[in-house]
Amino acid sequence: FVGLFALANPVIETWLGAAADNVRHALDGVDALRLGFWLAIAVCAWALLRTRTRHEERTQPSRYPTPLPALLSPAMIVRCLLVFNALFLVQNALDLRYLLLGAALPDGMTYAGYAQRGAYPLVATALLAGGFVLVTFRVGPSAPTGPWARRLVYLWLLQNVILTVAAATRLGLYVEAYTLTRLRLAAAIWMALVALGLVLIAIRIFRQRSNGWLVRANALAALAVVYACCFLNVPGFIADYNVAHCREVAGTGEPIDLEYLRALGPSALPAWQRLAAAPGAMELHTAADRRIGELERILTGQTADWRGWTLRRARLLAAAASK
């Protein structure tokens, strides 16, 4: 988790780099052989001094269905959740400070760079956290049932949802600074599914459902999102967004990427028409008018054959003819 946070947050990366430099500087005068010798002596001394307690003598053999029960014991899970909640609290506090409160970033950092690095590692962090919860909070007699374990896991899942929302906020800032693409829109939808999956994990633990129920619920959510996206004009939405927020139309932001706008196909025809009507250089108007003519010819050829006719293409062609 610390490694993923360092990838996602340049501030944490700076802290870890400074800590590593301090440790390296402190160990400059340390003899590695002498340090290893005394560590070996300490291990041997601990083995000789440690004795079996009465509690350990009375303890029955573990009933956990795992070869390493100590790693998944309720006490160990509570300790892990305490550490994880503390780590995530630091990351969420930094996002709150820099993304919502607008605090000044350290020297050499920009908000675009801060946002760009954070989206995908934070989603990977949320997925890793969900996997940990599924492994440790399994259904059965060995599942943690203490109140502290449940409170900590609910708090941790809530922090993961906040982390996913912060990743989506970073992505939104990056899109605002640059442009919207298919991959960035897909990343936003993916983050929403991850947040929903974390909420479903909390419901599974609270209602003591099985992992099969969780898999089916996530599969239904994913299918619902895919089915809904089939009815959306995704290329047209991306083209309209980029044109509406480009420097040529809005007066601020990045210049329009004509090559990417051309790659969006006939669905971008309304965006090209808006770009042609915007005040700007003659070269931009000429390129937009030329592209509008090409798209109208493509749509006319597609709708002339019944095998290429679709309602969306017919509506695009009718809207272009009305203008």
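Does Trp156 count as buried or exposed, and at what relative accessibility? Trp156 counts as buried, at a relative accessibility of 0%, where buried means under 20% relative accessible area, exposed over 50%, and partly exposed in between (1.4 Å probe, protein chains only).

1. Basis of the model. This is a predicted model, in which local features need pLDDT of at least 70 and side-chain atom pairs count only at pLDDT 80 or more, while totals for chains, interfaces and linings use all residues. Residues are numbered from 1 along each chain as its sequence is written, and side-chain values use heavy atoms, with hydrogens and water left out.

2. Confidence. The mean pLDDT (the predictor's confidence in each residue, from 0 to 100) of the protein chain is 82, and 87% of its residues reach 70 or more. Confidence is lowest in helix α4 (residues 54–58), with a mean of 57, and highest in helix α10 (residues 234–244), at 91. Over residues 64–68 pLDDT stays under 50, and for this stretch the model has 8 contacts beyond four places in sequence, a contact being heavy atoms within 4.5 Å. Where pLDDT is low, the predicted coordinates should not be read in detail.

3. Overall make-up. The protein chain has 15 helices and 0 strands, taken as DSSP runs numbered from the N terminus (helices H or I, at least four residues; strands E, at least two). Of its 323 residues, 34% count as buried, and among contacts with a separation of 6 or more, 68% are between residues 24 or more positions apart. The accessible surface comes to about 19,600 Å², with 67% of it belonging to carbon and sulfur atoms; the areas come from the Shrake-Rupley method with a 1.4 Å probe, and for residues only the protein chains shown count as cover.

4. Aromatic pairs. The structure holds 11 aromatic pairs, counted when rings of Phe, Tyr and Trp (its six-membered ring) have centres within 6.5 Å, with planes under 30 degrees apart called stacked, over 60 edge-to-face and the rest tilted. One of these pairs joins Phe88 and Trp156 edge-to-face, at 5.5 Å centre to centre and 80° between the planes. Phe88 lies in helix α5 (residues 74–100) and Trp156 in helix α7 (residues 147–177), so this pair ties together parts that are 68 residues apart in sequence. Phe88 is also buried, with a relative accessible area of 0%.

5. A further partner of Trp156. The rings of Phe132 and Trp156 also form an edge-to-face pair, with centres 5.6 Å apart and planes at 80°. Because Phe132 lies in helix α6 (residues 111–136) and Trp156 in helix α7, the pair ties together parts that are 24 residues apart in sequence. Ring pairs link Phe1, Phe5, Phe84, Phe88, Phe132 and Trp156 into a cluster.

6. Val133. This residue is found in helix α6 and is buried, with a relative accessible area of 0%. Apart from neighbours within four places in sequence, Val133 is in contact with Val153, Trp156, Leu157, Ile201 and Ile205. The C-alpha atoms of Val133 and Leu81, which are 52 residues apart along the chain, are separated by 9.7 Å.

7. Gly293. This glycine is placed in helix α14 (residues 282–304) and is buried, with a relative accessible area of 18%. Its C-alpha atom is separated by 9.5 Å from that of Leu269, 24 residues apart along the chain.
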